[in-house]
Amino acid sequence: MIIHNMYPITRGKKKVFRFDYYSADNKKKFLQAPSKKILQEKIDKKFKDKGFVKTNSEQVKVSEAQSEFIDIKLANKRAAGKTQQSTIDDYVSFYDNHINPYFKDKDIRTITKFDVAKFVENLQEKDITSKTVIKIFNHFKNIISYQVDRFKIENNICKEINYLTDVHIIEKEQQELNLNKWTLEIMQEVIGNIDNPMIKLIFMILLETAARPSEIRALERENLLFLKSNSLKIDIVKAVKKRKKLGKTKTKKGKRKVDISPSLKDHIVDYLNTLPPLQDKLFLNTVGKYICIEALNKALINALKKMRPEYQKLPIDRKSYAFRHYRTTYFAAKGKFKNALELAHYIGDKDINFVNSTYIKPYEQEEVKSEFKENIIWKN
């Protein structure tokens with residue numbers, strides 16, 4: 001513990017050092033010793049179970065710490081777009097559902113290591129994943145750090161010890177994707193069972209491009225590069241975020257151009273001809289908002305019910321996201337890309353190691369792959 005507010009005083013003819021602090025009931029107290037070193041030892045002993053030393057009488061409530069932290073994140077969002085609204089929404093949810101119910105607006109200067117340890121233990125007993133436990137704890141740690149940065153408290157108790165020692169993340173075992181069973185034609189058949197023309201087209205684009213659903217839902221006419229040239233490509237530049245707000249792609253690598261087949265181009269043009277001439281956004285619901293992911297998932301569930309029994313459950317759990325995983329696996333297995341770097345760039349993923357272990361590595365023992373050739377045909 002580093003203490004900055006020791007100061008010398010004279011007691012009789014002797015010089016001693018004093019440290020002022022406030023007790024939990026806000027009564028001013030002090031420690032003193034003949035040297036700074038001895039005084040530091042006294043302070044450490046006195047506050048060995050505390051992360052927050054009360055060196056002033058002003059309370060710092062958990063709610064105030066949260067509010068000030070959110071305010072600065074909102075300011076960052078407005079000034080430079082450094083924080084996404086979806087991230088801020090997560091911070092608010094962590095506080096409302098976990099931090100505030102546990103600490104009940106306690107003065108953070110009085111929180112002990114035991115309090116924090118019990119908080120983590122309480123989180124682990126809830127029906128949430130280990131990753132979420134870590135995110136909630138890190139948010140709590142960050143709102144406290146902001147108070148340290150503002151000189152309202154001396155140090156951050158969340159950094160005193162590793163409270164997450166017993167929090168273990170169990171990585172999901174990747175579901176096997178049998179491309180001999182789940183052929184491209186079968187995936188096209190699933191999409192063919194979707195009744196809504198708009199949603200059907202979204203899934204057609206997802207299957208061909210391996211894009212994220214949020215990216216395709218955000219498409220506008222200007223992103224259809226084939227309308228301006230002979231290039232059969234779509235420009236991915238934006239994504240639909242929470243509350244159906246338009247925002248940036250998930251990663252900085254998310255901005256990219258993806259290929260489509262001549263057949264898909266024809267279907268997109270036919271769809272464009274059904275839209276009002278002045279409507280730039282491609283996929284809006286009946287009230288003029290971006291179509292929601294729930295509508296896509298519901299349509300997909302109904303489409304699967306029309307399949308043969310062995311095809312009524314996709315081999316990937318994430319519903320609409322399944323097409324991204326399927327197509328990326330397909331690209332890797334068929335040798336469209338030479339390495340993980342090329343594939344990651346195409347799908348807009350910054351994690352090269354994940355792309356390599358999930359998509360490239362399972363197929364590296366195969367014999368030399370032939371040049372990737374494909375001509376997708378979509379039925380009318």
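**The second largest pocket**

Tutor: Let us begin with the second largest pocket, which is lined by 17 residues; Lys-200, Met-204, His-267, Trp-378 and Lys-379 are those nearest its centre. Please bear in mind that this is a predicted model.

Student: How much space lies in the second largest pocket?

Tutor: The general idea is that rolling a probe the size of a water molecule over the atoms shows where empty space is left. In this structure, the second largest pocket holds about 440 Å³ of space.

Student: Which helix gives the most to the lining of the second largest pocket?

Tutor: Helix 6 gives the most, with 5 residues. At least two residues of the lining are supplied by each of helix 6, helix 7 (197–209) and helix 9 (262–272).

Student: How do the residues of this lining divide into nonpolar, polar and charged?

Tutor: The lining of the second largest pocket has 7 nonpolar, 5 polar and 5 charged residues.

**Aromatic rings**

Student: How many aromatic pairs does a search of the whole structure find?

Tutor: The search finds 15 aromatic pairs. One of them joins Phe-103 and Phe-119, with 5.0 Å centre to centre and 50° between the planes, and is described as tilted.

Student: Which parts does the pair of Phe-103 and Phe-119 tie together?

Tutor: Phe-103 belongs to helix 3 (residues 85–103) and Phe-119 to helix 4 (residues 113–124), so the pair ties together parts that are 16 residues apart in sequence.

Student: Are Phe-103 and Phe-119 buried or exposed?

Tutor: A residue is called buried when its relative accessible area is under 20%. Phe-103 is therefore buried, at 6% relative accessibility, and Phe-119 is buried at 0%.

Tutor: A second example is the pair of Trp-182 and Tyr-311, which is edge-to-face: 5.0 Å centre to centre, with 85° between the planes.

Student: Where do Trp-182 and Tyr-311 lie?

Tutor: Trp-182 lies in the loop between helix 5 (130–149) and helix 6 (184–192), and Tyr-311 in the loop between helix 10 (293–305) and helix 11 (322–334), so this pair ties together parts that are 129 residues apart in sequence. Trp-182 counts as buried at 3% relative accessibility, and Tyr-311 is buried with a relative accessible area of 10%.

Student: Which residue has its charged end over the ring of Tyr-311?

Tutor: That residue is Lys-181, whose charged end sits 5.5 Å from the centre of the Tyr-311 ring. Lys-336 lies over the face of Phe-331, at 5.5 Å from the ring centre.

Student: Which residues form one aromatic cluster with Phe-103 and Phe-119?

Tutor: Tyr-102 and Phe-140 form one aromatic cluster with Phe-103 and Phe-119.

Notes
Residues numbered from 1 in each chain as written. Predicted model: local features only at pLDDT ≥ 70, side-chain atom pairs only at ≥ 80, totals over all residues. Heavy atoms only, no water. Phe/Tyr/Trp six-rings, centres within 6.5 Å; stacked < 30°, edge-to-face > 60°. Helix = DSSP H or I, 4+ residues; strand = E, 2+ residues; numbered from the N terminus. Buried < 20%, exposed > 50% of the residue type's maximum accessible area, 1.4 Å probe, protein only. Lys NZ or Arg CZ within 6 Å of the ring centre and 35° of its normal. 1 Å grid on protein atoms, 1.4 Å probe; cavity = no way out; pocket = protein on both sides within 12 Å on 5 of 7 lines; lining within 4 Å. Points joined across faces, edges and corners; volume = space filled by probe spheres on them. Nonpolar A, V, L, I, M, F, W, Y, C, P; charged D, E, K, R; others polar.
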